[in-house]
Amino acid sequence: MKISNDGRFTKKVFDFLKSMDVDLVGIAPEERFEEAPPDHKPKDLLPSARCVVVGVLRQIPSVVDSLPENRFSYTQQHHVFNKILDDIGFALSRFLEEEGYESIHISSEGYYEIRPFIAYFSHRHAAVMAGLGELGINNLLVTPEFGSRVRIISVITDAPLKPTPRLEKHPCKEWQGKCKKICVKMCPAECISREGKLNKIRCRFYHYETLGSYLYGNYVFSLDRANLLCGMCVKACGKWGDFQRKEK
Amino acid sequence: MRVNKNKKTLSQNITRILKDMGASKIGIAPAERLKKAPKGFRPTDILSGAKNVIAIAVSQIPSVVDNVPAARFTFSQQYHVITRKLDDLAMAVSRFLDKEGFSTVQIPADGFYDRQSLRAHLYHEEAAAAAGLGEIGLNNMLITPEYGARLQLVTIVTDAPLEASPEFKKGLCKRWQKKCHQVCAKMCPVECISEKEGFRKELCIYYHNKFLSEGLHIYIPNVLCGLCVKACKGFD
């Protein structure tokens with residue numbers, strides 16, 4: 001194992017991601033994942049894992065704001081972001097491998113287990129552990145900067161990087177006085193409970209039943225042969241207040 | 001968040017990003033040039049406060065198009081790859097404008113249309129023609145002096161102040177018709193194209209769904225005809 005100066009190499013990783021237009025970068029040490037379900041911890045994917053590098057990209061606000069009218073643009077944006085995220089994850093993996101570390105990039109999207117209803121590695125939880133945000137009532141990552149209008153990519157690695165601190169305040173809880181849990185009301189399928197429990201099966205079902213045909217309103221469509229996306233809970237959670245990340 | 005940016009620098013930056021990513025032609029149309037579009041299909045209906053429309057074109061590989069229908073599968077694959085490339089280009093511009101503090105909505109390159117009017121909510125061809133890339137020809141496609149009809153398009157609507165491209169001088173198709181004698185109308189297997197009746201989209205869509213992709217895709221086909229693209233290679 002190569003021993004390097006933590007701080008310097010961490011900065012190199014940050015600079016690398018910033019050069020790829022990543023808006024927020026955080027590093028979650030492996031120890032913070034103790035509560036993750038079995039087989040979904042960083043060490044289950046990479047036995048030598050030391051930390052997870054998490055990058056967050058901001059979505060285009062005007063597209064999200066104009067949902068549901070511009071749902072085609074939103075869906076296309078989602079798919080293009082998947083490609084951008086995969087490119088970033090892959091590039092970072094290569095960068096770390098060239099520096100002599102093992103790393104595994106997690107695919108931006110594409111599969112989940114039916115039981116339990118989760119992906120093999122959760123980008124959202126990794127982002128929380130890296131201090132980029134917290135999980136909101138809508139079950140999405142809520143960041144102080146962009147609300148839920150973000151996309152996430154994570155890379156598991158054994159590089160000894162300097163962890164970023166977790167958020168001290170919970171943006172979703174901070175904002176609830178103003179937004180009055182609008183995400184609960186905005187969900188067209190009523191999947192979100194006021195306590196923050198998400199009925200994932202119902203959400204999936206809504207996507208298949210209402211958005212999954214070739215017809216949407218007056219439109220006929222087929223974008224990348226994929227479903228249209230709802231996105232209303234993403235729309236609900238923009239930036240609701242002046243919550244600021246504490247600079248260390 | 002509104003930043004006062006120099007119109008010229010902003011337009012130049014966009015052009016540079018797009019050229020670097022492999023766009024063939026780029027044009028900018030002020031939103032007013034598209035106000036004649038039907039209600040619900042204008043840039044301002046997509047983004048309230050829209051000021052400009054950015055039109056991007058990526059050219060197709062001529063030898064593939066020339067060998068349609070023999071190379072029809074290659075042509076179809078090329079079409080879908082370019083569609084995805086256009087989406088990437090549109091997103092790159094959108095992300096750039098967003099970071100500069102402007103509102104922006106990118107329209108998917110392909111994939112949806114209104115059932116009644118058979119048009120997408122922003123018509124890429126009209127946007128591109130308004131942005132000075134070319135004109136809409138007899139075959140209902142954008143034709144340009146450099147590439148004929150062998151282009152694919154994507155559009156971004158934004159409220160950023162940008163430098164408008166000069167309008168295109170109409171008459172290209174008419175001029176070429178002296179040489180091509182409306183070869184696109186003759187080549188269309190279902191006779192969608194005629195000067196008198198205009199372009200009959202429903203026939204074109206029916207042909208694609210019934211004869212080219214039946215059972216594969218119900219509405220928007222995997223396999224494409226492409227003969228009217230082949231017809232118009234440019235005749236200067």
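In what order do the four strands of the open sheet in chain A stand? In this predicted model, local features need pLDDT of at least 70 and side-chain atom pairs count only at pLDDT 80 or more, while totals for chains, interfaces and linings use all residues. Residues are numbered from 1 along each chain as its sequence is written, chains are lettered from A and ligands numbered from 1 in the order in which they are written, and side-chain values use heavy atoms, leaving out hydrogens and water.

The order is β1-β2-β6-β3, with antiparallel pairing (strands are DSSP E runs of at least two residues, and helices H or I runs of at least four, numbered from the N terminus; two strands pair if DSSP finds at least two bridges between them). At the edges stand β1 (24-29) and β3 (103-105) of chain A, each with a single partner strand, so one side of each has no neighbour in the sheet. Eight bridges join β2 (residues 51-58) and β6 (residues 150-157) of chain A in the antiparallel sense; Cys51(A), for one, has Thr157(A) as its bridge partner in β6(A).

Turning to chain B, helix α1 (residues 7-20) has 14 residues. Its buried residues (under 20% relative accessible area, 1.4 Å probe, protein chains only) are Leu10(B), Ser11(B), Ile14(B), Ile17(B) and Leu18(B). These lie on the same side of α1(B) because they cover an arc of only 125 degrees around the axis (taken from the directions from the helix axis to the C-beta atoms). Following α1(B) comes Gly22(B), with a positive phi near 95 degrees.

Methods: The expected span of a helix is 1.5 Å times one less than its number of residues. Buried means under 20% relative accessible area, exposed over 50%, partly exposed in between (1.4 Å probe, protein chains only).
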